Amino acid sequence: MSEVPELTDQGFEPNPFGPHHDPIGSDPINADEQNPTEQPVLVQLLTPEGERVEHPDYSIDLSAEELQALYRDLALVRRVDVEATALQRQGELGIWASLLGQEAAQIGAGRALLPDDMAFPTYREHGVAWCRGIDPMSIIGLFRGCDSGAWDPIESKFNLYTIVIGAQTLHAVGYAMGMQRDGGQGACLAFFGDGATSQGDVNEAFIFSAVFDAPVVFFCQNNQYAISEPIEKQTRIPLYRRASGFGFPGIRVDGNDVLAVLAVTRRALEAARSGQGPTLIEAYTYRMGAHTTSDDPSRYRLASEMEAWKLKDPIERLKAYLVRSGQADAAFFEAIEKESDELAARVRRETVEMPDPDPASMFDNTYAEITPYLQEQRDTFLTYQAGFSEERSHA
Amino acid sequence: MSTTVTLGKALNMGLRKAMEDDPKVLLMGEDIGKLGGVFRITDGLQKDFGEDRVIDTPLAESGILGTAVGLAMRGFRPVVEIQFDGFVYPAYDQIVCQVAKLHARSRGRLPMSIVIRIPFGGGIGAVEHHSESPEAYFAHTAGLKVVACSNPVDAYWMIQQAIAHPDPIVFFEPKRRYWEKAELDTEAPPEPLFGSRLVRDGSQVTVLAYGPMVKTALQAASAAEEEGISVEVLDLRTISPLDMGPVLESVRRTGRCVVVHEAPSNLGLGSELSARITEACFYDLEAPVLRVGGYDTPYPPSKLEEDYLPDLDRVLEAVDRSLAY
């Protein structure tokens with residue numbers, strides 16, 4: 001990395017990843033150590049080997065039951081994710097966006113939410129959905145092509161998935177501005193990825209939140225790739241440092257450490273709720289699967305990179321800690337595995353059995369009340385459909 | 001109570017009334033606070049309703065619409081001002097992908113009561129991007145409703161009706177008519193928001209217009225009368241959904257129709273109106289439906305806008321062509 005220039009007096013910051021960023025060789029989690037003024041840069045409470053470590057600013061004290069509950073969350077959402085990927089391969093889903101490798105980032109963030117908080121996901125936050133009590137089948141329907149997400153975004157305090165990259169960050173800020181105006185007690189948690197940080201909407205969301213001191217936390221899962229483009233195609237500086245230019249704190253957390261993510265997100269949400277404005281959290285993680293089932297990562301990244309990240313697996317490290325500290329025994333892990341398999345079997349069964357939507361339902365809710373012209377189209381459609389013989393009809 | 005007001009003042013009064021009637025109504029936009037907007041439509045409102053309800057936003061249109069979406073989800077009724085027609089495009093993604101679709105995507109759970117006010121059209125000698133007529137982009141998008149006011153009385157009522165309406169509405173204001181005056185009776189019952197209106201009786205040709213072109217169409221009808229031609233004029237008022245009832249009723253009587261708008265003719269509202277009229281009144285038509293619009297060029301430098309924009313003579317010329325069939 002000798003090509004990497006030193007920081008200059010002008011404040012110019014070189015690309016900390018270097019011109020030929022090698023995520024394995026340079027150990028990107030600690031890449032920022034080049035800049036000693038930023039120490040410690042990565043909040044970590046659980047090492048990849050499952051050792052509990054302390055951090056001067058962030059602490060967490062969880063009971064064995066709470067730790068077990070986190071492990072259960074991680075294991076179950078991964079199992080559902082694996083099953084969904086298999087269902088797509090078997091033609092039961094149109095597509096699936098896997099969360100593989102990002103479980104700790106999502107469960108840590110999701111479990112930091114309080115009932116009054118509102119989450120704004122991308123299309124990959126299956127783990128956060130789980131934390132908000134949303135049944136996996138409500139998500140499966142979207143990827144099967146039956147609906148746009150079957151959960152109630154108001155009741156669950158978990159917005160619908162947003163596919164347009166970064167658009168939801170502005171919705172989160174607007175919702176948070178609403179909380180400021182109606183005496184709401186909560187905060188918003190806006191999810192997005194490393195690629196989204198290049199979007200205008202995300203930068204505008206940073207500006208609006210800062211100017212209005214909105215109670216919002218920006219949670220960026222830096223999984224190293226925007227489909228095929230590595231992080232250095234999006235940024236010259238570590239993403240969390242973007243926050244300082246907008247005038248609020250940014251922090252990088254080990255996204256594969258559920259304890260650290262939980263501690264950091266809790267703190268940021270508390271700050272937002274208490275009127276201290278936004279925080280940017282960069283959860284440093286890795287997309288262990290493809291972007292979606294339509295993607296082929298072998299075209300743009302090395303298998304060895306994946307092997308290196310497997311050693312930092314978010315679930316294995318919590319398991320190692322639970323075992324080493326004697327807070328869970330073999331029977332616990334067996335029970336979780338059994339529960340996971342049962343859940344996966346239910347997901348499979350209910351996916352295969354999921355009925356196609358009523359064709360006429362496409363006309364529903366375009367407007368609060370159907371317009372006369374749309375009603376005409378709907379009537380024409382139904383008459384047209386009825387004209388087909390029984391076996392050709394969708395009914 | 002009846003007073004003489006400009007269209008701009010009528011909008012200001014309508015916004016004030018809507019804010020008094022519903023505490024969930026918020027105004028958002030660039031320079032709408034202390035300045036009162038570049039056209040002064042929000043004049044004095046921040047002073048009376050405070051900075052939390054009349055929000056001077058950062059200079060970012062997508063940000064304005066995106067945060068309005070979040071506020072609407074939270075149960076507010078944001079009324080967004082886009083400073084000029086040509087500046088709405090940075091917000092286009094939020095409007096088309098989010099504002100228009102979220103009610104349907106959420107199966108009705110997410111309210112999207114957003115009004116997007118856009119001063120539109122030319123004729124004020126402005127530099128580029130300040131004189132455009134982008135209504136067709138929005139009328140083409142399912143989930144949005146699009147209306148245009150043409151006079152102070154409609155401006156006063158329509159803005160209030162739009163704000164109270166549950167669906168998102170793009171509200172076009174004819175900027176060159178902001179200074180037109182009329183008698184406004186705030187006690188008189190308003191007409192429905194999504195209704196077209198007959199504004200001048202006639203028997204030989206129906207002229208359809210909305211927004212700034214209503215006045216032009218009425219001037220053309222007066223001029224035609226001097227030549228012994230009887231022109232009927234309808235103010236569409238609602239662009240999406242179209243209120244075809246009064247239109248078809250009129251065209252069935254006259255057998256002839258000319259559609260006038262400032263927007264370019266290609267795939268403009270005139271195209272849709274022509275198709276719908278032809279489908280419904282084929283055997284009543286004595287002539288094809290004719291369109292008078294802007295040319296299919298970028299909006300020209302202001303020294304040329306009088307040549308670009310439909311005016312009295314171009315409407316009359318189309319009326320003559322229709323009668324010649």
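Reader: In this predicted model, at what angle do the axes of helix H1 and helix H2 of chain A cross?

Author: Two packed helices are described by the angle between their axes and the distance between the axes. Here the axes of helix H1 (residues 64-89) and helix H2 (residues 103-110) of chain A cross at roughly 130 degrees and come within 10 Å. H1(A) and H2(A) are therefore oblique to each other, and H1(A) passes H2(A) in a right-handed crossing.

Reader: Which residues of H1(A) and H2(A) meet?

Author: On the H1(A) side they are A:Leu70, A:Asp73, A:Leu74, A:Val77 and A:Arg78, which meet A:Glu103, A:Ala104 and A:Ile107 of H2(A).

Reader: Let us turn to the two chains. How many residues of chain A are in contact with chain B?

Author: Chain A has 32 residues in contact with 31 residues of chain B. On the chain A side, at least two residues each come from helix H5 (153-156), helix H6 (167-182), helix H7 (200-212) and helix H13 (372-386). H6(A) gives the most to that side, with 12 residues. The residues of chain A that touch chain B divide into 18 nonpolar, 8 polar and 6 charged.

Reader: Helix H6 of chain A also holds A:Thr169. Is A:Thr169 buried or exposed?

Author: A residue is buried if 20 or more other C-beta atoms lie within 10 Å of its own. A:Thr169 has 35 C-beta neighbours inside 10 Å and therefore counts as buried.

Reader: Which residues does A:Thr169 touch, not counting residues up to four places away in sequence?

Author: A:Thr169 touches A:Ala190, A:Phe192, A:Asp201, A:Val202, A:Ala205 and A:Phe218.

Reader: Finally, the nonpolar core. Which residues of the largest nonpolar core touch the most other members?

Author: This core has 194 residues, and those touching the most other members are A:Leu189, A:Ala190, A:Val216, A:Ile281, B:Val207, B:Ala217 and B:Val258. Helix H9 (residues 258-273) of chain A gives the most to this core, with 10 residues. A:Ala190, listed here, is also one of the residues that A:Thr169 touches.

Reader: What is B:Ala217 in contact with, leaving aside its neighbours within four places in sequence?

Author: The contacts of B:Ala217 are B:Val207, B:Ala209, B:Val233, B:Val260 and B:Val315. Among them, B:Val207 is itself listed with the core residues that touch the most other members.

Methods:
Residues numbered from 1 in each chain as written. Chains lettered and ligands numbered in written order. Predicted model: local features only at pLDDT ≥ 70, side-chain atom pairs only at ≥ 80, totals over all residues. Axes fitted to C-alpha atoms, helices over the stretch in contact; angles between N-to-C directions. Helix = DSSP H or I, 4+ residues; strand = E, 2+ residues; numbered from the N terminus. Parallel < 35°, antiparallel > 145°, perpendicular 65-115°, else oblique. Left-handed = near helix turned anticlockwise from the far one by under 90°. Contact = placed C-beta atoms within 7 Å. Nonpolar A, V, L, I, M, F, W, Y, C, P; charged D, E, K, R; others polar. Core = buried A, V, L, I, M, F, W, Y, C linked by C-beta atoms within 7 Å. Buried ≥ 20, exposed ≤ 12 C-beta atoms within 10 Å, placed from the backbone.
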